[in-house]
Amino acid sequence: MHASPAPSAWVQRWSALLPEHASVLDVACGPGRHLRWFAQRGCSVTGVDRDAAALEPLRALGEIIVADIENGPWPLVDRSFDAVIVTNYLWRPLLPAIVECVAPGGVLLYETFATGNQTVGKPSRPDFLLQPGELLRAAAGLRIVAYEDGFLTDPERYVQRLAAVRETASSGVALRYPL
């Protein structure tokens with residue numbers, strides 16, 4: 001995996017879509033680079049991951065849930081968040097549950113590996129690589145604000161990334177999403 005202690009540039013860029021003091025869920029949060037980043041900005045953070053040792057130092061930041069979300073039940077049924085963050089993670093059976101956790105007016109920021117990555121490194125198994133347009137299909141029903149599907153360098157990798165909003169009923173005035 002291409003983990004970095006710095007928050008994803010994609011997550012940083014599109015976090016402007018979040019309301020102030022947002023509730024943020026980081027799915028498969030690992031050592032917590034995004035939890036730390038959002039907590040420092042005054043957000044209420046929740047992280048879920050199966051690695052209890054990696055999560056232990058994060059407990060002071062917010063709600064930490066140790067759960068094997070691939071082999072056990074989804075621990076966030078009937079919960080919603082102002083923002084749901086997913087980076088470098090794909091487990092297709094969870095895509096509907098992840099999208100469902102986006103509250104009305106909330107944001108989904110998703111960035112992970114895509115087909116083509118097998119030519120430059122890991123992950124290389126098709127199970128862990130998004131197919132063309134797959135992330136768009138998973139977010140059907142949300143307003144897509146930004147989407148990319150391509151190749152990045154440093155490190156070299158193929159990714160799909162998406163910023164989407166669960167719109168609420170408006171007064172007929174188009175909502176503004178800063179680009």
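In this predicted model, strands E2 and E3 (residues 63–66) pair in the parallel sense over 4 bridges. E2 also runs parallel to strand E1 (residues 23–27), joined to that strand by 5 bridges.

**Strand E2**
- E2 covers residues 44–49.
- Of its 6 residues, 5 are buried, so the strand is mostly covered under the cut-off of 20% relative accessible area.
- In a regular strand, side chains alternate between the two faces of the sheet.

**Pairing with E3**
- The two strands, E2 and E3, are linked by 4 bridges.
- Gly 47 stands opposite Ile 64, a residue of E3.

**Pairing with E1**
- There are 5 bridges between E1 and E2, and the two strands are parallel.

**Cysteines**
- The structure holds 0 disulfides.
- Cys 29 is in no disulfide, and its nearest cysteine sulfur, that of Cys 101, is 14 Å away.
- A disulfide needs two cysteine sulfur atoms within 2.5 Å, and the sulfur of Cys 101 is likewise 14 Å from that of Cys 29.
- Cys 29 is buried, with a relative accessible area of 7%.
- Cys 101 also counts as buried, at 2% relative accessibility.

Terms used
Residues numbered from 1 in each chain as written. Predicted model: local features only at pLDDT ≥ 70, side-chain atom pairs only at ≥ 80, totals over all residues. Heavy atoms only, no water. Buried < 20%, exposed > 50% of the residue type's maximum accessible area, 1.4 Å probe, protein only. Pairing = 2+ DSSP bridges.
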